[in-house]
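Please look over the sequence and the structure before reading on.

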Amino acid sequence: MRFMVIVKATPESEAGVMPSSEMIAAMGRYNDELIKAGVLLAGDGLQSSAKGARIKFDNGNVTITDGPFAETKELIAGYWMIDVKSREDALAWIKRIPFTDGEEVELRKVFEASDFAMDAVSEEALTKEKAWREQQRPLTN
């Protein structure tokens, strides 16, 4: 099962305050554990919304709004994509994140092909996606 662990933004992350060297080292150790366990698919920190944009699609019209955006609690500061056996395994990994100062994460399960009706996705599309995912899979020991 694939899960996205969404790291919520804070006023500090939105202000561009970089993590301390100690936090960067702790996050590196945590990421190494995820890699060693073979569960990390991807993970990155995101720059503040001031460097981003929101794009809205409405009846063929596209509207682009440059950041920053006011509601910090609704913003994302980073993410991990993990592949584990269960929601409980995902939560166990999340509990190990070295956050200590009120940071918040959100756990969301990623849709799998099996979540859709059998006739909603063609066999060709399933085969192409499976091949692509296997190519993207990180190397593990």
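Contact here means heavy atoms within 4.5 Å. The model is predicted: local features need pLDDT of at least 70, side-chain atom pairs count only at pLDDT 80 or more, and totals for chains, interfaces and linings use all residues. Residues are numbered from 1 along each chain as its sequence is written, and side-chain values use heavy atoms, with hydrogens and water left out.

**Sheet**
- Four strands form an open sheet in the order β2-β5-β1-β6, with antiparallel pairing (strands are DSSP runs of E, at least two residues, and helices are runs of H or I, at least four, numbered from the N terminus; two strands pair if DSSP finds at least two bridges between them).
- At the edges are β2 (40-45) and β6 (105-109), each pairing on one side only.
- Direction ignored, neighbouring strands of this sheet are turned by 15° against each other on average.
- Seven bridges join β1 (residues 2-8) to β5 (residues 76-83) in the antiparallel sense.
- I6 stands opposite Y79 in β5.

**Helices**
- Helix α3 (residues 87-94) lies across β1, β5 and β6 and runs at about 160° to β6 (axes are lines fitted to C-alpha atoms, for helices over the stretch in contact, and angles run from 0 to 180 degrees between N-to-C directions).
- Helix α2 (residues 21-37) lies across β2 and β5, at about 25° to β5.
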